[in-house]
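Please keep the sequence and the model in view while reading.

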Amino acid sequence: MRFLISGYYGFDNLGDDALLQIIVAQLKTQYPHGSIDVLSAKPAVTSHDLRVLATSRWEQSAIRDAVAVADVVLSGGGGLFQNATSLKSLFYYAGIVRTAIRAGKKTMVFAQSIGPLDFLGKQTVRECCRGLRAATVRDERSKQLFAPLVPGTPVEVTADPVFLYDLPERPIDLTSAGLGEESDPLVLVCVRKTSHQADGIAALAAAVDRLAERHGARVAFLPFGGSADAEVSTLVIRKCRSKPTLVPLEGLDAVASAIARAKLVIGVRLHALILAARFGIPFLAVPYDPKITGLVADLRYPIEPLWTPGTRTTPTRVEALVDDVWRRRPELAAHLASQTAAQRIGAERNFAVLNDLVRA
């Protein structure tokens, strides 16, 4: 069985790299004699790191050749079918699906969050996904948006594959990064660029200062998206009265290990929140994208967002919210632990649906 995976891979984005790592590991376990090809911005790196085939996502002829030899084409995971970033991005990912369907390949939308989509975006998805064989989406909101665009295609709500991640058996030593026991009580902040960023920076800085000054937390910023996230982190740090640190870590195991020992996570990045939920770590979310809102809703998480882009908040509200979350940490940890079991089952369903497609 020959699999081709299309997604936002090879861009040094830890969340998407984590997705790919889990998907590849599951495919290798379930199809030990299969082959896996990944469309990547850095095919040599992807091939070396994951021991898979990799094709340049920039070369249309190479993509057509990869589709031609594949048995199954997976579009995902991630938030690929949206045109908030750009219409060009949507054309790219939907175009690969269209190419695969026209070539007669078993094609599946895999563990995606769908949207936002405007009228043209919906039309693009509708046309390119005619003949799609199967689809799994990461939240109920995505199903409500996507299912009417693909009539006749079963669309199932599952969960992000990263919920299947387990920490390595040998613990990661975080002491050299300044995140060992000396950093307790540890709070991690994972940010990215958003709209209305000045308001967000003010809200984040107010939360960090409250955690440090009122609750004695040691706050560290952990960039998921490389230099771009580090730049935003630096802007927030400069706004703080307290002295949070910036701690870049390499690899999923190190980042997940840090999150697992934190007392609280403040997350703009989706996979920072997913890893926090996976290990029962309370969080404060910044829903810059509908996929964050979808995750929080599916987890039935009872805490309102720290800040929502396009809205105004006040230091008084932020401080009250921070105090409430800090006080309720045991309750919130127990709630997340109860919800994560269902999310792991949902994550496994992605591969069960894929197996049904393979056997069809």
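At what angle do the axes of α12 and α13 cross, and within what distance do they come?

## The crossing of α12 and α13

The axes of α12 and α13 cross at roughly 70° and come within 5 Å. Axes here are lines fitted to C-alpha atoms, for helices over the stretch in contact, with angles running from 0 to 180 degrees between N-to-C directions. The two helices α12 and α13 are therefore roughly perpendicular to each other; angles under 35 degrees count as roughly parallel, over 145 as roughly antiparallel, 65 to 115 as roughly perpendicular and the rest as oblique. Helices (H or I, at least four residues) and strands (E, at least two) are DSSP runs, numbered from the N terminus.

On the α12 side, Val325, Trp326 and Arg327 meet Arg329, Pro330 and Leu332 of α13, where contact means heavy atoms within 4.5 Å. By class, this contact of α12 with α13 has 4 nonpolar, no polar and 2 charged residues. In this scheme Ala, Val, Leu, Ile, Met, Phe, Trp, Tyr, Cys and Pro count as nonpolar, Asp, Glu, Lys and Arg as charged, and the others, Gly among them, as polar.

## Basis of the model

The model is predicted: local features need pLDDT of at least 70 and side-chain atom pairs count only at pLDDT 80 or more, whereas totals for chains, interfaces and linings use all residues. Residues are numbered from 1 along each chain as its sequence is written, and side-chain values use heavy atoms, with hydrogens and water left out.

Leu332 belongs to helix α13, which covers residues 329-359. Is Leu332 buried or exposed? Its relative accessible area is 0%, so Leu332 is buried; buried means under 20% relative accessible area, exposed over 50%, and partly exposed in between (1.4 Å probe, protein chains only).

Leaving aside residues up to four places away in sequence, Leu332 touches Pro282, Tyr301, Pro302, Ile303 and Val325.

The crossing of α1 past α13 is right-handed; a crossing is left-handed if the near helix is turned anticlockwise from the far one by less than a right angle, and right-handed if clockwise. Ile23, Gln26, Leu27 and Gln30 of α1 meet Phe351, Leu354 and Asn355 of α13. The contact of α1 with α13 comprises 4 nonpolar, 3 polar and no charged residues.

Helix α4 (residues 87-102) and helix α5 (residues 119-128) have axes 8 Å apart and pack at an angle of about 15°. They are therefore roughly parallel to each other, and α4 passes α5 in a left-handed crossing. Leu87, Leu90, Phe91, Ala94, Gly95, Val97, Arg98 and Ile101 of α4 form the contact with Leu120, Gly121, Thr124, Val125 and Cys128 of α5. The residues of this contact of α4 with α5 divide into 9 nonpolar, 3 polar and 1 charged.

## Helix α7

Helix α7 (residues 197-215) has 19 residues and reaches 26 Å from its first C-alpha to its last, close to the expected 27 Å at 1.5 Å a residue. The expected span is 1.5 Å times one less than the number of residues. Just after α7, Gly216 takes a positive phi of about 70°.

Buried residues of α7 include Gly200, Ile201, Ala203, Leu204, Asp209 and Arg210. Their cover includes β8 (186-190), β9 (218-221), α8 (227-239), β11 (264-267) and α12 (315-327).

## Backbone features

Two cis peptide bonds are described here. The bond from Gly76 to Gly77 is cis, with omega near -5°, and Gly77 is found in strand β4 (residues 72-78). The bond from Asp184 to Pro185 is cis, with omega near -10°; Pro185 lies in the loop between β7 (155-157) and β8.

Ala111, in strand β5 (residues 106-112), has a positive phi near 50° although it is a residue other than glycine. Ala111 counts as buried, at 0% relative accessibility. Arg300 is not a glycine either, and has a positive phi of about 50°. It is found in the loop between α11 (290-298) and α12, and at 59% relative accessibility Arg300 counts as exposed.
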